[in-house]
Amino acid sequence: MKKLLAFLLLNIGLIAPAWAQTAAAPAQNHRIAMVLFILFVLVTLGITYWAARRTKTTKDFYAAGGGITGFQNGLAISGDYMSAASFLGIAGLVYTSGFDGLIYAIGFLVGWPIVLLLIAEPLRNLGKYTFADVASFRLQQKPIRILAASGSLVTVIFYLIAQLVGAGKIIEFLFGYSYQTAVIGVGILMTLYVTFGGMLATTWVQVIKAVLLLSGASLMALLVLIQFGFSFDNMFAAAVGVHSKGAAIMAPLTQKPDVISAISAISLGMALMFGTAGLPHILMRFFTVRNAVQARRSVFYATGFIGYFYILTFIIGFGAIVLLANNPNYIADGKLIGGTNMVAIHLSNALGGDLLLGFISAVAFATILAVVAGLTLAGSSAISHDLYGTLVLKGDKSPEAQKKEMRASRISTVILGIIAVLLGIVFEKQNVAFMVGLAFCVAASANFPILLLSMFWRKLTTRGAVIGGSLGLLSALFLVVIGPTVWVDAFHNETALIPFKNPALFSMSIAFIGIWLFSILDNSANAQKERAAYDAQYVRSETGVGAEEAADH
Amino acid sequence: MSNRLDKIEQLPEFIALTKARRKIVWPLAIISIAAYFVLILIIAFSPGTLATSLTGGTTSVGIALGLGLIILCFIVTGIYVNYANRVIEPLVEATKKRIGELK
């Protein structure tokens, strides 16, 4: 822990001169942002120090001891899910295309009722720390855990690269650090939170971030709405009046029906809706609460916070159209300074001057950290709990084995942190926008089908789950590579081999059909045993009887 | 063991519990999925509909439907949580009590 404090002091020592150097550079650097930013880092490192002393067992590390309340977990889930990309990206998208931005935001919300109705309660009743616990409940541990861990790691790594590259660019712009410094700094902080503080520190970083982000966005939306007498119609009218696309922003910009874009839209919709229910860092959060009742409550609050947040970003985007589009302070050569990702940041300055700008910049920073910490924790659990725990420790539950698994989880966090930072630097100049879509696509095509069918379909067998799940995972990756986002944008080929940016419609179908076909064709002795074990799983899934009792705080 | 499981699965409380859950979960899930994909299909095949004015002002049908879908998500989760607290939870408790008596 002394090392931690030493790092903390070192960090401040590094920050202060960097600020002094860049103070004369872009107008985005403000004392207020700096003070709030350092305050956030100090508070979260303090929490990590506090959490580190309470993180002794694997249960503490993966599930914060299992005693988080539904309300706290609801906030933490929203803190885990509402990324800087959705705050800055969706506000930017609404600013450029109005209605289309709203539809994109909705995609990120509609998965939540599904999580509540189908996933949360049985997941909590059946699992311990990861969704692989549930998928392998009555199936063979080894193959299922390897597959589930692969699905988790692919999802986590792509998501993490997308977040880190975005983070590097935002911090570079906001605070004036070099891209590399920003990525390394974020990488060090997230690794510290997770390695020392585990799920407890991650949870509280996410809770604080959610409160900050929701308050900041609420204040901005309020300041926007005041200007229009709290009338949406007045706001829309003013926006249509100044936007270069005029009234077209009130509806889909493409007004020509065509089949390819219809299939693309459905496919993206499926990735977003069902991918949400297969994100390992989100699923993991359900094991931090005591029981299924608290799991249910968590999603109820999370859905409320996330939906409310997207309404706020929508208002912020429209407010920005009116306040920024013709304002020479924010526009250079007909374009927004810093790109459309800076819409929310510029608007905060227009609404509340340096004070609000500083606050919102610090909030964007907190947002990035909370999301990457959750992802890192989920990735390291897949390695230590699912891979190391099954392959090396072979399911040994003795205290010595627990200690080994605990050490493995810390080592894997550090390794994952280093890999993520290196990849973040490698991908600096690449277009990484497709990576979040890819993460959702893999989650929808591998994690979600395996999880759903293992809980609700008696006839599922190990063979079916492994073959179908692998087909889903591989087809998702393959179809993204030959699609426009990688084949054309990244590899610079003339035309893509398939015209669909998000192939979830196909890869999800392949996964479900594969799992179904290879399960019903499986009549091995093993398959019979696995089907017979469904009843015991069903009773536990419905009642929680047999589920491990979570620790009291 | 399997004998005991059979007994649990035949408990009237357990049967009522699974029935009550099925009755609420699948209809609400289908409503959520259908509402979202219907909106996507309208965007794809009849985008003009969404551009029409809602009540004569600037607010379009599309914006109203979009915001309506967010509100639908609140309503769906609200209905389920309310139902779960009123109906499902007592049945879970009753089933657990009966399972305890089986021992």
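This is a predicted model: local features need pLDDT of at least 70, side-chain atom pairs count only at pLDDT 80 or more; totals for chains, interfaces and linings use all residues.

1. The crossing of helix 14 of chain A with helix 4 of chain B is left-handed.

2. **Who meets whom in that pair.** From helix 14 of chain A come Val293(A), Arg296(A), Val299(A), Phe300(A), Thr303(A), Gly304(A), Gly307(A), Tyr310(A) and Ile311(A). Facing them in helix 4 of chain B are Leu67(B), Ile70(B), Cys73(B), Phe74(B), Thr77(B), Val81(B), Ala84(B) and Glu89(B). Sorted by class, the residues of this contact are 11 nonpolar, four polar and two charged.

3. **The contact between the chains as a whole.** Chain A puts 44 residues into the contact and chain B puts in 41. On the chain B side, at least two residues each come from helix 1 (2-10), helix 2 (12-45), helix 3 (47-51) and helix 4. Helix 4 of chain B gives the most to this side, with 18 residues. The side of chain B that touches chain A has 27 nonpolar, 11 polar and three charged residues.

4. **Helix 12 of chain A.** This helix (residues 259-276) is worth a look, please. Helix 12 of chain A has 18 residues and reaches 26 Å from its first C-alpha to its last, close to the expected 26 Å. Its buried residues include Ser264(A), Leu268(A), Met270(A), Phe274(A) and Thr276(A). What do the buried residues of helix 12 of chain A pack against? Within chain A, they pack against helix 6 (99-107), helix 7 (111-126), helix 13 (280-283), helix 17 (433-456) and helix 20 (504-520), and they also pack against helix 2 of chain B.

5. **Helix 9 against helix 17 in chain A.** Helix 9 (residues 141-175) and helix 17 of chain A pack at about 165°, with their axes 8 Å apart. That makes helix 9 of chain A roughly antiparallel to helix 17 of chain A, and the crossing is left-handed. Among the contact residues are Ala148(A), Gly151(A), Thr155(A) and Phe158(A) of helix 9, along with Met435(A), Ala439(A), Val442(A) and Asn447(A) of helix 17. By class, this contact has 14 nonpolar, four polar and no charged residues.

6. **Met455(A), also in helix 17.** Met455(A) is found in helix 17 of chain A and is buried, with 23 other C-beta atoms within 10 Å. Not counting residues up to four places away in sequence, Met455(A) touches Pro122(A), Val134(A) and Ser541(A).

7. **Helix 10 against helix 15 in chain A.** Helix 10 (residues 179-227) and helix 15 (residues 343-392) of chain A pack at about 145°, with their axes 6 Å apart. Their crossing is left-handed. The contact has 25 nonpolar, 10 polar and one charged residues.

8. **Two positive phi values to check.** Most residues other than glycine have a negative phi. Ala64(A) has a positive phi of about 50° although it is not a glycine, and His492(A) also has a positive phi, near 60°. Which of these two loop residues is buried, and which is exposed? Ala64(A), in the loop between helix 3 (58-63) and helix 4 (70-81) of chain A, is buried, with 30 other C-beta atoms within 10 Å. His492(A), in the loop between helix 19 (484-488) and helix 20 of chain A, is exposed, with 7 other C-beta atoms within 10 Å.

9. **Pro484(A) in helix 19.** Pro484(A) has its place in helix 19 of chain A. A residue counts as buried if 20 or more other C-beta atoms lie within 10 Å of its own; Pro484(A) has 20 and so is buried. Leaving aside neighbours within four places in sequence, Pro484(A) is in contact with Asp489(A), Ala496(A), Pro499(A) and Lys501(A). Pro484(A) and Asn502(A), 18 residues apart in sequence, have their C-alpha atoms 9.1 Å apart.

Notes: Residues are numbered from 1 along each chain as its sequence is written. Chains are lettered from A and ligands numbered from 1 in the order in which they are written. A crossing is left-handed if the near helix is turned anticlockwise from the far one by less than a right angle, and right-handed if clockwise. Helices (H or I, at least four residues) and strands (E, at least two) are DSSP runs, numbered from the N terminus. Two residues are in contact if their C-beta atoms, placed from the backbone, lie within 7 Å. Ala, Val, Leu, Ile, Met, Phe, Trp, Tyr, Cys and Pro count as nonpolar, Asp, Glu, Lys and Arg as charged, and the others, Gly among them, as polar. Axes are lines fitted to C-alpha atoms, for helices over the stretch in contact, and angles run from 0 to 180 degrees between N-to-C directions. The expected span of a helix is 1.5 Å times one less than its number of residues. A residue is buried if 20 or more other C-beta atoms lie within 10 Å of its own, exposed if 12 or fewer, and partly exposed in between; C-beta atoms are placed from the backbone. Angles under 35 degrees count as roughly parallel, over 145 as roughly antiparallel, 65 to 115 as roughly perpendicular and the rest as oblique.
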